[in-house]
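Try each task before you read its solution.

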Amino acid sequence: MTSNFSSPSGRRDFFEEALFKNLTVVLFGLVINYINGTLLYTFFTNVTFHSDSRYILYMQLIINDSIMVSFIVLLLVMSYVCPFLNVSVCIILILIGSNTHKNTPLNLAIMSIERFVAICHPLQHPLICTVSRTYVLIACIWVVGAIPGFIDVIITFVFKPLSFFSTGRMCYHQNVFDSVHNYNNNYATNILYMCFVWITLIYTYFRVMLSAKAATSDPVSGRKAQITILLHGVQLLLCMLSYIAPVMDTTLIILFPKFRSIILFCTHIITNMLPQLLSPLIYGLRDQKFKKHMKRSLCMKTNPVVKPN
């Protein structure tokens, strides 16, 4: 008799299907974190990047994505291995995952502002975008990104009995934070965050575009900054796929009810993991300075210098 396992879709997967899904997600996670690890190794082994706010913010994005991918993989694997997790433990895992998810668009907005200052106010850039202020902004990103999750916890404490936190449930956001107040909080904060980020990206893009057209000394830098901010918009669109995932799931399941589990798994990969795979490729590999140091760091790592006796 074939064994079966609980899946996040609420049905029982056969062993082969569960094994395939877990191996696919783990493989995606390993590939993404290997690429991110290479970028982080390049950053930390080259001091030239440590005093540049642009690269510090980019590494914050990479670290955030690595944490998010790790928790996506962990939660999915645990949904098969231990489908009913203690609610208190589950809330901690969800809070970390939710925080990193909210951090990504906020980080993109701050990165766009940094490019805007560098192009439109080049003389003030070293004074405004200092290393200490960059780390303060990173701390603010994490605090602001954590607010919706802590509001969900407070709502749950108010409307659920204390015994709820010692029960076992399948560990995903909608199943733990399941009241209408949690839904309203999630809906409102998503709209608020997205409006702020989109307004920031649009404003900085057009200001940089006008500055690039007016510039006579360095129009190339202005055009590069335009492309960078435009790529931030592309990355944000990829991040927003997770917000429309429920609509995609419902529509596809209505059309293909027999493939419910496959649909949910595929949309999970496309909306949650694929954007994190594209992120380092969009930013890291198009930056010639970073690419040069990355090649040098990898060559030194694979071919260490042997000191003579």
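This is a predicted model: local features need pLDDT of at least 70, side-chain atom pairs count only at pLDDT 80 or more; totals for chains, interfaces and linings use all residues.

**Exercise 1. Work out how α1 meets α2.** At what angle do the axes of α1 and α2 cross?

Step 1: Helix α1 spans residues 15-44 and helix α2 residues 53-81; their axes come within 9 Å and cross at roughly 160°. Axes here are lines fitted to C-alpha atoms, for helices over the stretch in contact, and angles run from 0 to 180 degrees between N-to-C directions.

Step 2: α1 is therefore roughly antiparallel to α2. Angles under 35 degrees count as roughly parallel, over 145 as roughly antiparallel, 65 to 115 as roughly perpendicular and the rest as oblique.

Step 3: The crossing of α1 past α2 is left-handed (the near helix is turned anticlockwise from the far one by less than a right angle; clockwise would be right-handed).

Step 4: The residues of this α1 and α2 contact comprise 18 nonpolar, six polar and two charged. In this scheme Ala, Val, Leu, Ile, Met, Phe, Trp, Tyr, Cys and Pro are nonpolar, Asp, Glu, Lys and Arg charged, and the others, Gly among them, polar.

**Exercise 2. Take α2 to its other partners.** Is α2 roughly parallel or antiparallel to α3, and which of these describes α2 and α5?

Step 1: α2 and α3 have axes 9 Å apart and pack at about 155°, which makes α2 roughly antiparallel to α3.

Step 2: α2 passes α3 in a left-handed crossing, and the contact residues divide into 14 nonpolar, eight polar and four charged.

Step 3: For α2 and α5 the angle is about 25°, with the axes 10 Å apart, so the two are roughly parallel. Their crossing is right-handed.

**Exercise 3. Find the cores.** How many residues does the largest nonpolar core have?

Step 1: The largest nonpolar core has 33 residues, and Leu 39, Phe 43, Met 59, Val 208 and Phe 290 have the most contacts inside it. Such a core is a set of buried Ala, Val, Leu, Ile, Met, Phe, Trp, Tyr and Cys residues joined through side-chain atoms within 4.5 Å.

Step 2: The largest share, nine residues, comes from α3.

Step 3: Another core, of 15 residues, lies apart from it and includes Phe 71, Ile 91, Ile 94 and Cys 171.

**Exercise 4. Classify Leu 27.** Is Leu 27 buried or exposed?

Step 1: Leu 27 lies in helix α1.

Step 2: Because its relative accessibility is 52%, Leu 27 counts as exposed. Buried means under 20% relative accessible area, exposed over 50%, and partly exposed in between (1.4 Å probe, protein chains only).

Step 3: From Leu 27 to Val 73 is 46 residues in sequence and 9.4 Å in space, C-alpha to C-alpha.

Notes: Residues are numbered from 1 along each chain as its sequence is written. Side-chain values use heavy atoms; hydrogens and water are left out. Helices (H or I, at least four residues) and strands (E, at least two) are DSSP runs, numbered from the N terminus.
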